[in-house]
Amino acid sequence: MEFRHLLVSRDASICRMTLSRPERLNALNFRIGVEVLQALDDCDRDTEVRVVIITGAGRAFCAGDDLRGMNEPGEPDRRYRDPIKQYVEGEGRWPLIVARMRAMSKPVIAMINGHAHGAGFNLALGCDLRVAADSATLSIPFARRGIATGTNLLQQFVGIGKAMEWALMAPVLSMQEAERWGLVNWVVPLAGLEQRTLEIARELATGATQVLGYTKSAVVNGWDHPPATAYRHQGQAVYHSQQTEDFREGLSAFREKRLPRFTGR
């Protein structure tokens with residue numbers, strides 16, 4: 001697929017995807033959504049890729065859905081006739097991207113360089129880790145535009161009470177507030193954002209990639225279940241991790257009192 005609005009680059013085992021519609025603050029339309037889904041699939045299949053970074057070009061991470069139009073000029077309208085199905089399952093829709101990132105077998109890091117509003121907020125929350133510039137903002141702005149919404153993943157982070165408040169009141173959150181609520185993992189000056197994100201990505205990229213993937217799956221699939229069910233997800237992760245080369249390397253390194261040399265296998 002030819003990528004029109006997505007820049008994809010590789011630095012060793014780290015793949016960076018940059019949403020590239022800076023004139024529209026990287027707002028999502030169907031085309032860029034399809035491109036992101038294709039790139040995520042490519043990264044998940046590529047055994048040489050061990051970490052994915054998602055960021056935005058220009059002054060925004062992602063301003064949400066493009067309210068001026070979701071179709072590219074001249075492209076056919078492929079929307080489902082059922083508007084609710086279209087919202088959730090339509091070609092290139094952000095819920096599909098969030099689901100794909102959470103299902104990936106590798107860590108996904110959001111490098112939040114600027115505004116992450118609406119669907120952009122959801123993309124950031126759909127990543128496994130979030131590194132943000134101190135000048136960036138988060139928001140669910142829909143109530144101020146006369147558009148209904150839900151809380152999506154937000155209540156998993158802050159609980160239903162705060163998620164309801166933000167959905168109804170539509171505040172713009174600073175990174176200091178976002179960090180206090182656990183919505184982002186690290187906040188750094190914009191000038192140091194790329195360096196800090198790459199430090200984290202490189203640390204993950206030298207880790208036991210399959211083991212990280214099993215751990216991620218156990219957390220994503222088990223967090224909202226009763227303990228007995230969550231423990232089964234955890235048990236499955238432990239069992240599968242013990243079949244990997246990196247498990248054997250980790251044990252050898254522990255016994256030999258040295259740092260492990262993980263290969264991601």
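Let's begin with Asp-42, which is partly exposed at a relative accessible area of 33% (buried means under 20%, exposed over 50% and partly exposed in between, using a 1.4 Å probe and protein chains only). This is a predicted model, in which local features need pLDDT of at least 70 and side-chain atom pairs count only at pLDDT 80 or more, while totals for chains, interfaces and linings use all residues. Residues are numbered from 1 along each chain as its sequence is written, and side-chain values use heavy atoms, with hydrogens and water left out.

Which residue does Asp-42 meet in a salt bridge? The partner is Arg-45, with a distance of 2.8 Å from N to O. A salt bridge here is a side-chain nitrogen of Lys or Arg within 4 Å of a carboxyl oxygen of Asp or Glu. Side chains of opposite charge can pair when their charged atoms come close. Because they are 3 residues apart in helix α1, Arg-45 and Asp-42 are separated by about one helical turn. Arg-45 itself is exposed, at 59% relative accessibility.

## The chain as a whole

Stepping back, the protein chain has 10 helices and 10 strands. Its radius of gyration is 19 Å, close to the 18 Å that the globule rule gives for 265 residues, so the chain is as compact as a globular protein of that length. The radius is taken over C-alpha atoms, and the rule is 2.2 Å times the number of residues to the power 0.38. Helices (H or I, at least four residues) and strands (E, at least two) are DSSP runs, numbered from the N terminus.

Along its principal axes, the C-alpha trace spans about 60 × 45 × 40 Å. Buried residues account for 46% of the 265 residues. Among contacts with a separation of 6 or more, 69% are between residues 24 or more positions apart, where contact means heavy atoms within 4.5 Å. The accessible surface comes to about 13,600 Å², and carbon and sulfur atoms contribute 54% of it. Such areas come from the Shrake-Rupley method with a 1.4 Å probe, and for residues only the protein chains shown count as cover.

## Salt bridges across the sequence

How many salt bridges does a search of the whole structure find? The search finds 17. In one of them, Asp-46 pairs with Arg-10, and their closest N and O atoms are 3.1 Å apart. This pair links distant parts of the chain, 36 residues apart: Asp-46 is in the loop between α1 (30–45) and β3 (51–56), and Arg-10 is in strand β1. Both ends are partly exposed, Asp-46 with a relative accessible area of 26% and Arg-10 at 44%.

Another salt bridge brings together the side chains of Asp-44 and Arg-100, at 3.0 Å from N to O. Asp-44 belongs to helix α1 and Arg-100 to helix α3 (residues 94–103), so the pair ties together parts that are 56 residues apart in sequence. Asp-44 counts as buried at 19% relative accessibility, whereas Arg-100 is partly exposed at 21%.

## Buried places

Why is helix α4 (residues 119–126) described as largely enclosed by the rest of the structure? The reason is that 8 of its 8 residues are buried. One of them is Asn-122, which has a relative accessible area of 9%. The side chains of Asn-122 and Asn-152 are joined by a polar contact of 3.3 Å. Leaving out residues up to four places away in sequence, Asn-122 touches Trp-94, Val-98, Asn-152 and Leu-153.

Thr-244 is buried, at 3% relative accessibility. A polar atom of the Thr-244 side chain lies 2.7 Å from the backbone oxygen of Ser-241. Not counting residues up to four places away in sequence, Thr-244 touches Gln-210, Val-211, Tyr-214 and Arg-265.

## A nonpolar patch on the surface

Finally, look for Ile-84, Tyr-87 and Val-88, which form a nonpolar surface patch with about 300 Å² of accessible area together. Patches consist of residues with over 30% relative accessible area and no salt bridge, with like charges joined within 9 Å and nonpolar side chains (Val, Leu, Ile, Met, Phe, Trp, Tyr) within 5 Å. Tyr-87 sits in helix α2 (residues 83–89) and is partly exposed, at 41% relative accessibility.

How values were computed
A polar contact is a pair of N or O atoms within 3.5 Å; within protein, one must be able to donate a hydrogen and the other to accept it, and residues adjacent in sequence count only if both atoms are side-chain atoms.
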